[in-house]
Amino acid sequence: MLRNLEAKLGGLVEGAFGRAFKSRVQPVELAHKLAREMEDNQVVSVSRVYVPNHYRVFLSPDDRAQFTSYEPALRKELSDYLLEHARSEGLALTSRPQIDLETDERLGLGEFGIQALLLSGPEETDAPQAEGGPSQGDFGHTMVYSPTSAPRVEPEPAASSSHQALLVGSGKRNVLSGPRVVLGRSRECDIMVNDPNVSRRHAELRDEGGRWSVVDLGSTNGIKVNGRRVEQHELSDGDRLTLGVTDLTFELD
């Protein structure tokens, strides 16, 4: 299964996707390094070994520009690869791996950084944290990979904002990153909402210079912010979003 996924990732370089990968950053290399970060950031509980389920991949501006039109397909393939890798190694995930691509102007062509985060951690209250593993709800260091030098650790995040945005509800804390976050019932959405009253692609959260807003994507039942029906609304810390009969809270940490 992993070989099939690697072949599929390699196939992104060919055909219609060929022009997207003129740089030295390749999908298969991203997959291998993400799997490495998964294994290096384990949290050992009483009965299971948990691994991060949320990853930030930082790219140079030139590399990121060439991925822009293909990010949804690439993110899904990378997520599929990590899901299968965890299964094959007997590692536990609290949810399907989420991959976010971001730009870091300090990176050169072909370089990329990875941060790993474990969200919605193990239920065991006495679960010890593996040495060097990520703390619950916080990204760890950034591991930077380069085609011309050995991997290095960046102690400070490769990209950050004054506030970290989260969407909290249904027992999960979802860190919002990237310019667009799609909410809906479909498994293809960035945040899946398991509610029959929610459309497959219901709403979108947009980051515009650090200001987040929610936009209705033409859903059947619409969206509400703090009980009021809206088509688009700029969000503030503590705002309550209602999709179908599901309430989610927008938070700035």
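**Contacts, cores and sheets in a predicted model**

User: How far is the backbone oxygen of Glu-37 from a polar atom of the side chain of Asn-41?

Analyst: This is a predicted model, in which local features need pLDDT of at least 70, side-chain atom pairs count only at pLDDT 80 or more, and totals for chains, interfaces and linings use all residues. Residues are numbered from 1 along each chain as its sequence is written, and side-chain values use heavy atoms, with hydrogens and water left out. A polar contact is a pair of N or O atoms within 3.5 Å; within protein, one must be able to donate a hydrogen and the other to accept it, and residues adjacent in sequence count only if both atoms are side-chain atoms. From the backbone oxygen of Glu-37 to the polar side-chain atom of Asn-41, the distance is 2.8 Å.

User: Is Asn-41 buried or exposed?

Analyst: Asn-41 is in the loop between helix 2 and strand 1 (43–44); helices (H or I, at least four residues) and strands (E, at least two) are DSSP runs, numbered from the N terminus. Buried means under 20% relative accessible area, exposed over 50%, and partly exposed in between, with a 1.4 Å probe and protein chains only. Because its relative accessibility is 6%, Asn-41 counts as buried.

User: Which residues of the largest nonpolar core touch the most other members?

Analyst: A nonpolar core is a set of buried Ala, Val, Leu, Ile, Met, Phe, Trp, Tyr and Cys residues joined through side-chain atoms within 4.5 Å. Beyond four places in sequence, the contacts of Tyr-55 include Leu-34, Leu-82 and Ile-99. Of the 24 residues in this core, those touching the most other members are Leu-30, Leu-34, Tyr-55, Val-57 and Ile-99.

User: Which strands stand at the edges of the open sheet of six strands?

Analyst: The order in this sheet is 9-8-18-17-14-15, with antiparallel pairing. Three bridges join strand 14 (residues 223–225) to strand 15, and Lys-224 stands opposite Arg-229 in strand 15. Each edge strand has a single partner, so one side is left without a neighbour in the sheet; the two are strand 9 (172–175) and strand 15 (228–230).

User: With which residues is Gln-232 in contact, leaving aside its neighbours within four places in sequence?

Analyst: Gln-232 lies in strand 16 (residues 232–234) and is partly exposed because its relative accessible area is 49%. Its C-alpha is 6.9 Å from that of a residue 19 places away in sequence. The residues in contact with Gln-232 are Ser-213, Val-214 and Val-215.

Terms used. Contact means heavy atoms within 4.5 Å. Two strands pair if DSSP finds at least two bridges between them.
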